[in-house]
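Hi,

Here is the structure I promised to pass on.

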Amino acid sequence: MPAKPTKSAARATRSASAPGLSIVVPVFNEAKGLSALHERIAEVARRLKIKRDLRTEVVYVDDGSTDATNRIANALPADPLDIQVVTLSRNFGKEAALLAGLDHARLGAVLFMDGDGQHPPDLVDTLVARWLDDGDDVVYTAKANRVNEPWLRRASVHWFYALINLGARQKIPEDAGDFRLLSPRAAAALRQMPERSRFFKGLSSWIGFKQVRVDYEPAVRAHGATSWSVWTLIGLSIEGLTSFSVAPLRVASLLGLLLAVSALFFGGWIVLQTLLFGQDVPGYPSLVVSVMVIGGVQLIMIGVLGEYIGKLLSEIKARPVYFVAEHSVKSADNSAKELAKPRPAAARAAE
């Protein structure tokens, strides 16, 4: 179970059906670009307020940043939207940060976007329109193309989705990202998912409801460098596969079956060579190769089983997914009142 939110967050969760939009932004060492990103989100909130009279809040989840991200997030102006800053006790990973944002979101619909600026805030209007005008429950975005990526990465992404969707009843759309909007009932359904080893893209697809895809072109990262390396991406892929799909177990079973059938045919061929042609089959090389192949396959299967046993152990321990070190809330209404409050003449003269 996730860590118990504060009293204000608990009340917010119970009132998740309230009209409005909560924008959840996990951040990790994004001090250089956070202020600029907030300005763009605030501009979107102004448009939504004017055009649709839609209340908006942004929930920044600081996932254990080591720079000035937390200080900058707490200093951002709550105009024209409310601001929550949820500071986790350490770096728990993006999946935990997304869950923390979902738990603390106070309004009905929830929109998730990255804090590096590559998810364009201007696209939020389109996602909201698909929710309010067309009645879509899950509006997910996907990269329009991957022509600028290396072919190995494109192939890896394709095979990852092919494997995770193997035999799955509810397919995960290829190229879909975490940048998506969930309607109030879709967000409520996602909150009911109790697992600790989470794969957000898979869970968002699994809940069903009316889902639609919106293509977009990711923006160039303006500040800093991505913290995702090749090894972390591989680890994330393994985590997603083993926490959401049983496809690796099925592949291991098929591999074992293929090896057994191959060994059966090879054994039959050796018998035919000996009985019909009187040929002696060299024993040592074939024996070594067969032992190495069988041993390698067994180790792969043991490794796959170990991953799933690790997931079971994590679920049985029932540790919280995250802990909150600090939680602050700024209301746009209070900020507006503070700005409108008349100041003493001496203060105005001092300016």
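Asp-53 is exposed, with a relative accessible area of 57%. This is a predicted model, so keep that in mind as you read on. You'll find Asp-53 in the loop between H2 and strand S2 (56-62), and its phi is near 50 degrees, a positive value in a residue other than glycine. Most residues other than glycine have a negative phi, and most peptide bonds are trans.

Asn-29 also has a positive phi without being glycine, near 55 degrees. Asn-29 sits in the loop between strand S1 (21-27) and H2. Is Asn-29 buried or partly exposed? Partly exposed: the relative accessible area comes out at 29%.

On the peptide bonds, there is a cis one joining Asp-79 and Pro-80, with omega about 5 degrees. Pro-80 belongs to the loop between helix H3 (69-75) and strand S3 (82-88).

Now for the inside. The largest nonpolar core has 36 residues, and Leu-21, Val-25, Ile-41, Tyr-60 and Leu-111 touch the most other members. Helix H2 (residues 31-52) gives the most to this core, 8 residues. A separate core of 27 residues lies apart from it, with Leu-102, Ala-186, Val-321 and Tyr-322 among its members.

Leaving aside residues up to four places away in sequence, Leu-21 touches a list of residues including Leu-48, Leu-54, Arg-55, Thr-56, Glu-57, Leu-107, Leu-111, Val-124, Val-128 and Leu-181.

Cheers

Note on methods
Residues numbered from 1 in each chain as written. Predicted model: local features only at pLDDT ≥ 70, side-chain atom pairs only at ≥ 80, totals over all residues. Heavy atoms only, no water. Core = buried A, V, L, I, M, F, W, Y, C linked by side-chain atoms within 4.5 Å. Buried < 20%, exposed > 50% of the residue type's maximum accessible area, 1.4 Å probe, protein only. Helix = DSSP H or I, 4+ residues; strand = E, 2+ residues; numbered from the N terminus. Contact = heavy atoms within 4.5 Å.
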